[in-house]
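Subject: Structure for your review

Dear colleague,

Please find below the structure that I am handing over to you. My notes on it follow directly after.

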Amino acid sequence: MLIDKVKKVKITDNITIGNDKIFLIAGPCVIESEDLVMEVAGKMKEITDKLDIQYIFKASFDKANRSSISSFRGPGLEKGLEILSRVKEKYGVALATDIHEPWQCKEAAKVIDLLQIPAFLSRQTDLLVAAAETGKAVNIKKGQFLAPWDMKNVVKKFEEVGNENIMLCERGASFGYNNLVVDMRGLLEMRKFGYPVVFDATHSVQIPGGQGETSGGNRAYVYPLARAAVSVGVDGVFAEVHPEPDKGLSDGPNMLKLDDVENILEKLLQYDKLTKEL
């Protein structure tokens with residue numbers, strides 16, 4: 001194989017990832033409404049069941065790192081978790097969400113299967129330790145300001161607490177002002193730590209703060225970059241999706257249109273199969 005074996009990560013009793021075909025973390029950037037998350041979760045469950053892809057539904061109860069103080073942030077922890085629990089109850093999907101402060105970890109872990117550390121917070125020791133102590137699986141996004149090999153210190157923080165149920169996520173590196181680039185070598189570098197690696201295909205095409213009070217992006221590059229990452233040999237793909245991305249309240253310019261997801265996944269699975277057979 002092109003890549004070495006990594007540790008298996010257990011998300012739920014029915015979902016364990018690592019070394020097999022790609023899994024998917026996907027959903028709207030933020031919980032805009034219960035109707036929206038239900039629509040996306042239902043459609044994504046249908047698609048991933050059809051394609052036999054292990055799937056984790058993602059939506060944030062709060063987006064704490066918005067460009068402007070006036071930007072929409074979400075319903076908050078309590079209401080957000082109530083909505084997400086109903087999504088799980090209705091569709092039987094595993095759940096992922098961002099956490100921003102240590103105190104949120106224990107509360108989120110009551111409902112959430114995969115806690116996610118935002119890239120800007122990937123060096124916040126108190127947050128990492130609190131997430132690790134829940135015993136839940138954790139998706140750690142590599143900061144835009146970090147080299148891939150710098151993630152060894154992040155990994156060590158989890159290992160010291162005794163939680164090795166983690167995965168590392170690439171979402172692009174800062175390249176000058178208001179721009180991100182993806183160094184595909186970083187995917188292989190992070191995989192050397194022995195944990196599954198996820199490629200965040202939609203945030204990698206973000207243009208941070210590029211619209212003044214909001215971030216821009218170019219979703220036309222999502223599939224080409226995801227195709228490249230899958231060809232390198234990642235374990236999973238992260239993507240934010242929305243029925244009408246241009247009307248999305250967060251990250252609209254780089255979110256995928258829900259109607260396009262099935263076709264994209266079908267193609268990615270072909271590249272993934274070829275890569276993992278080599």
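I begin with Lys247, which is exposed, its relative accessible area being 58%. This lysine forms a salt bridge with Glu244, and the closest N and O atoms of the two are 3.3 Å apart. Glu244 itself counts as partly exposed, at 44% relative accessibility. Salt bridges with shared partners also join Lys58, Asp98 and Glu240 into one network. Please bear in mind throughout that this is a predicted model.

Further salt bridges

How many salt bridges does the structure hold? The number is 22. Side chains of opposite charge can pair when their charged atoms come close. Two further pairs deserve a description.

The side chains of Glu34 and Arg86 meet in a salt bridge, with 2.9 Å from N to O. Because Glu34 belongs to helix H1 (residues 34-51) and Arg86 to helix H2 (residues 77-91), this pair ties together parts that are 52 residues apart in sequence. Glu34 is partly exposed, with a relative accessible area of 28%, and Arg86 is likewise partly exposed, with 33%.

Arg73 and Asp62 also meet through their side chains in a salt bridge, here with 2.8 Å from N to O. Arg73 lies in the loop between strand E4 (55-58) and H2, and Asp62 is placed in the loop between E4 and H2 as well, so the pair ties together parts that are 11 residues apart in sequence. Is Asp62 buried or exposed? Asp62 is buried, with a relative accessible area of 13%, while Arg73 counts as partly exposed at 41% relative accessibility.

A negative patch on the surface

Asp35, Glu39, Asp259 and Asp260 form a negative surface patch. One of these residues, Asp259, is located in the loop between strand E15 (256-257) and helix H8 (261-277). Asp259 counts as exposed because its relative accessibility is 61%, and the cut-off for that term is over 50%.

Helix H4 covers residues 125-133, and within it Leu127, Leu128, Ala130, Ala131 and Ala132 are buried. What covers these buried residues of H4? The cover includes helix H3 (102-108), strand E6 (114-117), strand E7 (137-141) and helix H5 (151-161). After H4 comes Gly135, which has a positive phi near 80°.

Asn165 is placed in the loop between H5 and strand E8 (166-170). With a relative accessible area of 16%, Asn165 is buried. Leaving aside residues up to four places away in sequence, Asn165 touches Lys8, Val9, Lys10, Lys136, Ala137 and Val138.

Loops with residues of interest

Asn19 is found in the loop between strand E2 (15-17) and strand E3 (23-27). The phi of Asn19 is near 80°, a positive value in a residue other than glycine. Asn19 counts as buried, at 18% relative accessibility.

Asn178 is located in the loop between E9 and E10 and counts as partly exposed at 41% relative accessibility.

Tyr177 has its place in the loop between strand E9 (173-174) and strand E10 (180-181). With a relative accessible area of 80%, Tyr177 is exposed. How many Å separate the C-alpha atoms of Tyr177 and Ile166? These atoms are separated by 31 Å, and the two residues are 11 residues apart along the chain.

Val182 lies in the loop between E10 and helix H6 (185-191). Residues up to four places away in sequence are again not counted, and on that basis Val182 touches Glu170, Gly172, Phe199, Ser204 and Leu225. Between Val182 and Leu81 there are 32 Å in space, C-alpha to C-alpha, and the two are 101 residues apart in sequence.

With kind regards

Key
Residues numbered from 1 in each chain as written. Predicted model: local features only at pLDDT ≥ 70, side-chain atom pairs only at ≥ 80, totals over all residues. Heavy atoms only, no water. Patch = residues over 30% accessible without salt bridge, like charges linked within 9 Å, V, L, I, M, F, W, Y side chains within 5 Å. Areas by Shrake-Rupley, 256 points an atom, 1.4 Å probe, with all protein chains shown as cover. Salt bridge = Lys/Arg side-chain N within 4 Å of Asp/Glu carboxyl O. Lys, Arg positive; Asp, Glu negative; His and termini not counted. Charge placed at Lys NZ, Arg CZ, Asp CG, Glu CD. Helix = DSSP H or I, 4+ residues; strand = E, 2+ residues; numbered from the N terminus. Buried < 20%, exposed > 50% of the residue type's maximum accessible area, 1.4 Å probe, protein only. Contact = heavy atoms within 4.5 Å.
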